[in-house]
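Please keep the sequence and the structure in view while reading.

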Amino acid sequence: MPPLRLVPHDAPRQEDGSFAETRSLVIHAARAGDVRAFATLVDMYYARCLRFALHMLADRSDAEEAVQDTFVRVYRALPSYREQDSFEPWLFRILGNRCRTAGAKQRRHADVMEYGDVPERATAAGHDRELAWREEIERALRSLPVEQREAFLMRHVEGMSYEDMAVATGAGLSALKMRVKRACDALRVQLTEVDGV
Amino acid sequence: MVFEEQDETIERIAARLRPLPEIDPAARARVLVAVAAERERDRERSRQLVRRRPILIGSIGVALAAAMAFVAVLATRDGGSAPRVAAAPTTSVPAASPGGAPAALAARETGAGALQQIQLVFRDPNATRVSVVGDFTGWDPTKAVMTRDSGSGLWTATVSLPAGRHVYAFLVDDSIWVRDPRAPAAPDADFGRPGSVLLVGRP
């Protein structure tokens, strides 16, 4: 019984020509109905989408569900995707929308959480130093307003240009730069004093 | 004026957020299953459109035949030649070939109803969970979870299917996709995943 095929997911931040060319061929074939090409497209972007969703939602199950919904919507919308447009901003626009919807559900759930309920993450005491720092960063990230968190992740983690971020979010360049600046200011204040960051 | 933020603190924070997460193969498989289900819904919508067309053509054909017969009768009444027989177009569904039925299946008719109960059998003594995924479950692994016989290592599930051609596979431990080795391979397997063909004949 052959296991499911997994290929390396570590897409380069500064994509090279061959990656862009491969992606173009894969998208072209997927648009023409080649299901194997669509599976390859999932392989190319699953990990990056999951990373973004995990940082946005801070819950693995919710993040995996948001990524799954994203790819289903990409599949539905692929016939209307224009190949002259950049793919990644288009993908992250769908992913961002799914994360915002999932985040709203999380907030509604948090609103009805009874006193005494303790979220699972809060009980995991991090004795490991690196893990503790990561949790501090995640905590600081979660404290940001959704728009700032999204803009910070797109800019500094996904390495997107402001032009691509504008396509992905629908916001203007000035607004996006302001969101990133405010996110950086808030993170710096919260984490500068933390040893090791 | 907003300046780009790029300092050491921000870069250190971003560097800790950049590593790609571990991928759960089952979660990735669920993505492909969900997309395959979406694709199957598209196909079903297309099939429904195709099914409607012959009915429409048939109705038009009947109307045309009636009109031709009426004209022919008029011609006869007017002393013309004998009326011709006009056959209305008919639609027929080809019967499924029983020759393609896999050996692992035991089909049992349920009477006059359109659905038939089909038992699917799969052998894997080491599996902890096996599901049937197919176009008839919308490729949803939760719709037909198989039951294990601990003595034989056989997994079985019974599904109710209409007559026709179906494509299916087994999902082992939520991560390994296996086609039924005892059934014909589907040439149009979804998303590179192997599938098997199940032909259900009319009761």
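Predicted model: local features only at pLDDT ≥ 70, side-chain atom pairs only at ≥ 80, totals over all residues.

## Two chains and their contact

Residues are numbered from 1 along each chain as its sequence is written, and chains are lettered from A and ligands numbered from 1 in the order in which they are written.

Chain B is built from two helices and eight strands, and along its sequence the pattern reads α-α-β-β-β-β-β-β-β-β.

| Chain | Length | Buried share |
|---|---|---|
| Chain A | 197 residues | 35% of residues |
| Chain B | 203 residues | 24% of residues |

Two residues are in contact if their C-beta atoms, placed from the backbone, lie within 7 Å. Among contacts in chain A between residues at least 6 apart in sequence, 65% join residues at least 24 apart, and in chain B the corresponding share, for contacts between residues at least 6 apart, is 63%.

**Where the chains meet**

Between the two chains, 41 residues of chain A are in contact with 31 residues of chain B. On the side of chain A that touches chain B, helix H2 (35-57), helix H3 (60-77), helix H6 (129-142), helix H7 (146-157) and helix H9 (173-191) each supply at least two residues, and H2(A) gives the most, with 12 residues. By class, the residues of this side of chain A divide into 25 nonpolar, six polar and 10 charged, where Ala, Val, Leu, Ile, Met, Phe, Trp, Tyr, Cys and Pro count as nonpolar, Asp, Glu, Lys and Arg as charged, and the others, Gly among them, as polar.

Two of these helices pack against helix H1 (residues 8-17) of chain B. Two packed helices are described by the angle between their axes and the distance between the axes. Axes are lines fitted to C-alpha atoms, for helices over the stretch in contact, and angles run from 0 to 180 degrees between N-to-C directions. H9(A) and H1(B) pack at an angle of about 90°, with their axes 10 Å apart, and are therefore roughly perpendicular to each other, a description that applies to angles of 65 to 115 degrees. In this contact Cys184(A), Leu187(A), Arg188(A) and Leu191(A) of H9(A) meet Thr9(B), Ile10(B) and Ile13(B) of H1(B), which by class gives five nonpolar, one polar and one charged residues.

The axes of H6(A) and H1(B) come within 10 Å and cross at roughly 105°, and H6(A) and H1(B) are therefore roughly perpendicular to each other as well. Trp133(A), Arg134(A) and Ile137(A) of H6(A) make this contact with Ile13(B), Arg16(B) and Leu17(B) of H1(B), and the residues involved are four nonpolar, no polar and two charged.

**The nonpolar core**

A nonpolar core is a set of buried Ala, Val, Leu, Ile, Met, Phe, Trp, Tyr and Cys residues joined through C-beta atoms within 7 Å. In the largest nonpolar core, which has 79 residues, Val42(A), Ala53(A) and Val67(A) touch the most other members, and H2(A) provides the largest share of this core, 15 residues. Leaving aside residues up to four places away in sequence, Val42(A) touches Phe71(A), Val31(B) and Leu32(B).

**Individual places**

Ala26(B) lies in helix H2 (residues 25-77) of chain B and is partly exposed, with 16 other C-beta atoms within 10 Å. Not counting residues up to four places away in sequence, Ala26(B) touches Asp174(B) and Ser175(B), and the C-alpha atoms of Ala26(B) and Ile176(B), which are 150 residues apart in sequence, are 8.3 Å apart in space.

In chain A, Ser143(A) is placed in the loop between H6 and H7 and counts as exposed, with 12 C-beta neighbours inside 10 Å.

Key: Helix = DSSP H or I, 4+ residues; strand = E, 2+ residues; numbered from the N terminus. Buried ≥ 20, exposed ≤ 12 C-beta atoms within 10 Å, placed from the backbone. Parallel < 35°, antiparallel > 145°, perpendicular 65-115°, else oblique.
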